[in-house]
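Please read it alongside the displayed sequence and coordinates.

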Amino acid sequence: MALQTPVPAKKPGGVSERVDEILGSVVNEDALLRRGAVTRLAEIGPDAVPRLQEKIRSGSAHVARTAAIALGEIGDPTAGAALSKFLRDRKLGDQVDVGV
């Protein structure tokens, strides 16, 4: 009988669920936590853009800022309008350490 290598289980849920899970960890101003969340979101890539665009419009301040930074890191051109609106509406420069 041959040994079989276990197949790694896929993480349950789609992109929206993964984005929500990652952003759910952003509950305060902890810069390291936000940086980690941005990195994980950027790793998802362009598939995360629609959900991140929703989150910058409807999430808490921490979630919206983290989503906006992740959108910038992903660099998808379709996110430009949502980011511009976010910057105008929330005056991001006054509220966020964009070096995160």
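T66 has its place in helix α4, and, in what is a predicted model, the relative accessibility computed for T66 is 1%. Because buried means under 20% relative accessible area, T66 counts as buried at that value. When its neighbours within four places in sequence are left aside, T66 is in contact with L23, V26, R34, A37, V38 and L41.

V38, one of these partners of T66, is found in helix α2. The relative accessibility of V38 is 0%, and V38 therefore counts as buried. Not counting residues up to four places away in sequence, V38 touches T66, I69, A70 and E73. With A70, V38 forms a pair that is 32 residues apart in sequence, whereas the distance from C-alpha to C-alpha is 4.9 Å.

Which residues carry the contact between helices α2 and α4? On the side of α2 these are R34, R35, A37, V38, L41 and A42, and they meet T66, I69, A70, E73 and I74 in α4. By class, the contact of α2 with α4 has seven nonpolar, one polar and three charged residues. Helix α2 spans residues 31-44 and helix α4 spans residues 61-74, and the two pack at an angle of about 45° with their axes 9 Å apart. Angles of 65 to 115 degrees count as roughly perpendicular and those under 35 as roughly parallel, so α2 and α4 are oblique to each other. The crossing of α2 and α4 is right-handed.

H62 also has its place in helix α4. Residues up to four places away in sequence being left out, H62 touches V26, V27, N28 and E29. For H62 and N28, which are 34 residues apart along the chain, the C-alpha atoms are separated by 6.5 Å.

V15 lies in helix α1, which comprises residues 15-24. Is V15 buried, partly exposed or exposed? The relative accessible area of V15 is 23%, and V15 is therefore partly exposed, because the class of buried residues requires a value under 20%. V15 touches I44, D47 and A48, again without counting residues up to four places away in sequence. The C-alpha atoms of V15 and L41, a pair 26 residues apart along the chain, are separated by 9.8 Å.

Helices α1 and α2 pack with their axes 9 Å apart and at an angle of about 170°. That angle makes α1 roughly antiparallel to α2, because angles over 145 degrees count as roughly antiparallel. From α1 the contact draws on V15, R18, V19, E21, I22 and L23, and from α2 on A37, R40, L41 and I44. The residues of the contact of α1 with α2 divide into seven nonpolar, no polar and three charged.

Helix α1 also packs against helix α3, which covers residues 49-58, and the axes of α1 and α3 come within 9 Å and cross at roughly 45°. The two helices, α1 and α3, are therefore oblique to each other, and their crossing is right-handed. In this contact S16, V19, D20 and L23 in α1 meet R51, L52 and K55 in α3. By class, the contact of α1 with α3 has three nonpolar, one polar and three charged residues.

The geometry of the helix pairs described above can be set out as follows.

| Helix pair | Angle | Axis separation |
|---|---|---|
| α2 and α4 | about 45° | 9 Å apart |
| α1 and α3 | roughly 45° | within 9 Å |
| α1 and α2 | about 170° | 9 Å apart |

What does the secondary structure of the protein as a whole come to? It comes to six helices and zero strands, and from the N terminus on the elements run α-α-α-α-α-α. Of the 100 residues of the protein, 36% count as buried, T66 and V38 being among the buried residues. The accessible surface of the protein comes to about 6300 Å², and 55% of this area belongs to carbon and sulfur atoms. Among the contacts in the protein with a separation of 6 or more, 63% are accounted for by residues 24 or more positions apart.

Conventions
Residues are numbered from 1 along each chain as its sequence is written. This is a predicted model: local features need pLDDT of at least 70, side-chain atom pairs count only at pLDDT 80 or more; totals for chains, interfaces and linings use all residues. Side-chain values use heavy atoms; hydrogens and water are left out. Helices (H or I, at least four residues) and strands (E, at least two) are DSSP runs, numbered from the N terminus. Buried means under 20% relative accessible area, exposed over 50%, partly exposed in between (1.4 Å probe, protein chains only). Contact means heavy atoms within 4.5 Å. Accessible areas come from the Shrake-Rupley method with a 1.4 Å probe; for residues, only the protein chains shown count as cover. Axes are lines fitted to C-alpha atoms, for helices over the stretch in contact, and angles run from 0 to 180 degrees between N-to-C directions. A crossing is left-handed if the near helix is turned anticlockwise from the far one by less than a right angle, and right-handed if clockwise. Ala, Val, Leu, Ile, Met, Phe, Trp, Tyr, Cys and Pro count as nonpolar, Asp, Glu, Lys and Arg as charged, and the others, Gly among them, as polar.
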